[in-house]
Amino acid sequence: MLPEINTILYASDISEGSRPAFRMAIKQAINNNAQIVFLHALEPMDDFIEDFLPENASLKHKIQLIESFKIRIGMRIKAFLKSELEEDFELPYPPIIQVSPGKPDQVILKAASKLNASMIVMGDREVSSVSRVFLGSTAQKVIHHSEIPVLIVPLKKHTK
């Protein structure tokens, strides 16, 4: 018997090319009557900036940055749902938005544990085999360290 899926952690870099992964997270939430938590990991701030800003200014800047990302993400989710779902259809629960600073794989795994998530849904872009060997990918790191199922959606390279 498969474990019940109550909370789906959708990890996104919020690029335009990540729509197929979010579409899959929405499908999983609907099929399982589950809550979606939309997580965006902010890469660590440049040490240069933090070294030259007073500590309270740096913290204020981080809080403002996180709040602006949450607003942008909320607007994008609303537009996405409007374009993807039938007019009278809604998700079982309103999406929760989290923006957390840190290395993406670590942020994702920590959030999954803290939320007691049942599944992680994320995209993975095509990259060269050389870069995977030396750098790995966020998706690979999450897969190898996660204690819950991870659903990876292949994404095309983002082109501007």
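The expected span of a helix is 1.5 Å times one less than its number of residues. Helices (H or I, at least four residues) and strands (E, at least two) are DSSP runs, numbered from the N terminus. The model is predicted: local features need pLDDT of at least 70, side-chain atom pairs count only at pLDDT 80 or more, and totals for chains, interfaces and linings use all residues. Residues are numbered from 1 along each chain as its sequence is written, and side-chain values use heavy atoms, without hydrogens and water.

**Exercise 1.** Compare the reach of helix 4 with its expected span.

*Solution.* Step 1: helix 4 covers residues 104–115, which is twelve residues. Step 2: from first C-alpha to last it reaches 16 Å, close to the 16 Å expected.

**Exercise 2.** Determine how the buried residues of helix 4 are arranged.

*Solution.* Step 1: Pro-104, Asp-105, Val-107, Ile-108, Ala-111 and Ala-112 are buried (under 20% relative accessible area; exposed is over 50%, partly exposed in between; 1.4 Å probe, protein chains only). Step 2: seen down the axis of helix 4, these residues fall within an arc of 165°, so they line one face; the arc is that of the directions from the axis to the C-beta atoms. Step 3: the face turned away from the buried side carries the exposed residues Lys-110, Ser-113 and Lys-114.

**Exercise 3.** Identify what the buried residues of helix 4 pack against, and what follows the helix.

*Solution.* Step 1: their partners are strand 1, strand 2, strand 3 (96–101), strand 4 (119–125) and helix 6 (138–145), with contact meaning heavy atoms within 4.5 Å. Step 2: after helix 4 comes Asn-116, with a positive phi near 55°.
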